Amino acid sequence: MGTSVLSATLVLLSTASVVFAAEPSEQLLWPDGAPGALGSEPSDQPSIIVYRADPSVATGAAIVICPGGGYGALAIDHEGHQVAQWLNSVGVTGVILKYRLGPRYQHPIPLTDAQRAIRTVRANAEDWGVDPDRVGVLGFSAGGHLASTVGTHFDLGNPEAEDPIDRQSSRPDLMILGYPVIALATDYAHGGSRRNLLGENPPTDLLDSLSNERRVTPETPPTFLVHTNEDEPVPAENSLLFVMALRKAGVPVEFHLFEAGRHGLGLGGGLHDRGIGPDPAFAAWPGLCETWLKRQGFLR
């Protein structure tokens, strides 16, 4: 069996092995109503689904997961539940974010939801067996834009806030970005994501502020990125521009550009509901990421 095929097989097996390890729990980010809510339907109430790592393998790390979907939907299976199960298999608590979507909700609402998710994990760190200094964020496609926005537009919390969650920092300790939308102010932008997040004709300064390759500083968290050269909806230049900005700022970065592969592959194990089989090459990235996570102190 070739190395790439073996990696794909191991990813699928490790994911399957933890499906029933623990029942995930869902909770609202704002039980008394989210700020800016336009109604009381489920789509108006952002929440997190917590997959706690089994204590026998838990490392104390947690990662908030932002599924993609062009800021208009959530690919919550292959870019959410499957990812949380993979993280559980390596001892990391996975926290899936169900953020509010456009065009009903536009910036800054998704960012507010994502920041709240990071703060919520830290506020519950003791109860969940999590180290508040090892809380990362992971996102795919438009969820990658949201994750990179969290990592470049953070604050350290308000120590005088009445709500103890708001006292926590929203800065993730690392970022994992899968075929991310990044460069909204360039020719490489994903039009649908930009439109759902910012409307038809957003102001130039707003576009610039959310073209996240322009917001990298030395305080931006260490980042792991994966993309494919064949990605047409979200060209690899989105990742490349971010990588160059990270390098210029001296931020630790690891980047894998695979030659082949369509957009939206998740872990690379196949999208069975769409009749898409596994991609053995792309399925190598979770293993590469595990090595990187170990280097970052997130794994044993």
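Reader: Before we look at single residues, what does buried mean here?
Author: Buried means under 20% relative accessible area. The model discussed here is a predicted one.

Reader: Is Ser-141 buried or exposed, then?
Author: Ser-141 has 7% relative accessibility, which is under the 20% limit, so Ser-141 counts as buried. Ser-141 lies in the loop between β5 (135-140) and α5 (142-152).

Reader: What is phi of Ser-141?
Author: Phi is near 55° there, a positive value in a residue other than glycine. Most residues other than glycine have a negative phi.

Reader: Which loop holds Tyr-179, and what is its phi?
Author: Tyr-179 sits in the loop between β6 (175-178) and α6 (191-198). Its phi is positive as well, near 35°. With a relative accessible area of 1%, Tyr-179 is buried.

Reader: Turning to peptide bonds, what is omega from Gly-102 to Pro-103?
Author: Omega is near 0°, and the bond is cis. The bond from His-107 to Pro-108 is also cis, with omega near 15°. Pro-103 is in the loop between β4 (93-98) and α3 (109-123), and Pro-108 is found in the loop between β4 and α3 too.

Reader: And the chain overall: how many helices and strands?
Author: The chain has 9 helices and 8 strands. Buried residues make up 54% of its 300 residues.

Reader: How far apart are the mean positions of the positive and negative charges?
Author: They are 3 Å apart, for 21 positive and 34 negative charges.

Key
Residues are numbered from 1 along each chain as its sequence is written. This is a predicted model: local features need pLDDT of at least 70, side-chain atom pairs count only at pLDDT 80 or more; totals for chains, interfaces and linings use all residues. Side-chain values use heavy atoms; hydrogens and water are left out. Helices (H or I, at least four residues) and strands (E, at least two) are DSSP runs, numbered from the N terminus. Buried means under 20% relative accessible area, exposed over 50%, partly exposed in between (1.4 Å probe, protein chains only). Lys and Arg count as positive and Asp and Glu as negative; His and the chain ends are not counted. The place of a charge is taken as NZ of Lys, CZ of Arg, CG of Asp or CD of Glu.
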